[in-house]
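Thanks for coming, everyone. Let me put the structure up, and then I'll walk through it.

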Amino acid sequence: MTDDHARHMRHALALAARGLGRVWPNPAVGCVLIQGDRVVGRGWTQAGGRPHAEAVALAAAGDAARGATAYVTLEPCSHHGQTPPCASALAEAGVARVVVALGDPDSRVNGRGLEMLRDAGIKVLTGVLEDEARALQAGFLSRVSRGRPWVTLKLAASFDGRIATATGESRWITGPEARRLVHLERARNDAVLVGGGTARADDPALTVRGLGVAHQPVRVVWSRRLDLAGARALHATAREVPVWLCHGSGVDPDVRDHWQGAGARLIDVPTGGGRQIDPAAALAAMAEAGLTRVFCEGGGSLAASLLAAGLVDELVGFTAGVALGAEGQPSISALGVDRLAEAPRFRLVETRRAGGDAMHRWRAV
């Protein structure tokens, strides 16, 4: 791999990242067209997943695409959907070479895009910055290969791991810089998830604020009985920003009508042991509906259920320099761990300062 290949692919990856949270169920892809060392076209998958990155870049390049090298972060699609195959579009534009970071495991593609390019006489190079592309595509890859979204669990807690005082006071344990980073994380995900207890107690809006972004993630609540009388903000804004409610069977019809009448989408999922939403089933239903990246903001019971089921891919923690003591509310409910070897393990991948707080990111081992 040459330095030029890496440089141009980093450019394409940076473009692809602009689509995170906006393009589901499609992957967030970036494409850069190079003539010599000059960028003649670039693009990324647009909101809603159309048009694709390659189409945007080719339109920008026009005739300059002929003989160019295309740097694409994911294998160009090979199937006819709402748009023609991107592999065909690259060939018809006269691109001479295509450099790809990562193959597409979707059964409709999975090597066929690369084959179409080669059959058209185009030189193909693969695996350039593959690890970086795989990290960027974690949500899409999870949905395709595992049938569930990539799950990031966020915890904002005191130094001793408490999310509220004994009386329930929690605003604000962390400072404004940490809260701004939380909004940035929301913007990069397809959905924000909370449990019914958090929705009732905090009446959260779960929207992205203060960043100047136009799009909003889907707001998802897991509540077996839909007993969400305190979730006034979600009910009042369900027609403006999507609200999805995952619930168990046997919900009161009046309660269903109350939420559906407000514009919420109701998703019936099995319950685990008859008491709580089955987390694996709920995530599978969310993936079936198109979601690829989910940002879970608690509370403690939901966090524990996801961790216990091995369904957390990433932890994002914000730790404040304050101690609340054992009487405070823990950030994670009981996990039933008797031996250290049974505890969920994660590896540290990032630490940074967030104003007066610390931010740390961990990935599942």
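**Thr45 and its surroundings**

Start with Thr45: setting aside neighbours within four places in sequence, it contacts Gly19, Val23, Pro27, Ala28, Val29, Pro51, His52 and Ala53. Contact here means heavy atoms within 4.5 Å. Thr45 sits in the loop between strand 2 and helix 2 (53-61). Helices (H or I, at least four residues) and strands (E, at least two) are DSSP runs, numbered from the N terminus. Thr45 is buried, at 4% relative accessible area. Buried means under 20%, exposed over 50%, partly exposed in between, with a 1.4 Å probe and protein chains only.

Some ground rules. This is a predicted model, where local features need pLDDT of at least 70, side-chain atom pairs count only at pLDDT 80 or more, and totals for chains, interfaces and linings use all residues. Residues are numbered from 1 along each chain as its sequence is written, and side-chain values use heavy atoms, with hydrogens and water left out.

Next, Leu136. This residue belongs to helix 5 (residues 130-136). Leu136 counts as buried because its relative accessibility is 14%. Beyond four places in sequence, Leu136 touches Leu13, Ala16, Ala17, Leu20, Ala28 and Arg293.

Strand 3 (residues 69-72) and strand 4 (residues 97-100) run parallel, joined by four bridges. Across that pair, Tyr71 stands opposite Val99 in strand 4.

On to strand 8. Is strand 8 enclosed or open? Five of its five residues are buried, so strand 8 is largely enclosed by the rest of the structure. Ala191, Leu193 and Gly195 point one way, Val192 and Val194 the other. Strand 8 pairs with strand 9 (residues 218-222) in the parallel sense, over five bridges. Gly195 has Trp222 as its bridge partner in strand 9. From Leu136 to Gly195 is 59 residues in sequence and 27 Å in space, C-alpha to C-alpha.

Then helix 7. Its twelve residues (176-187) should span 16 Å at 1.5 Å a residue, and the end C-alpha atoms are 17 Å apart, which agrees. The expected span is 1.5 Å times one less than the number of residues. The buried residues of helix 7 are Ala178, Leu181, Val182, His183, Glu185, Arg186 and Ala187. Their cover includes strand 6 (150-157), strand 8 (191-195) and strand 14 (293-296).

That's the tour. Questions, please.

How values were computed: Two strands pair if DSSP finds at least two bridges between them.
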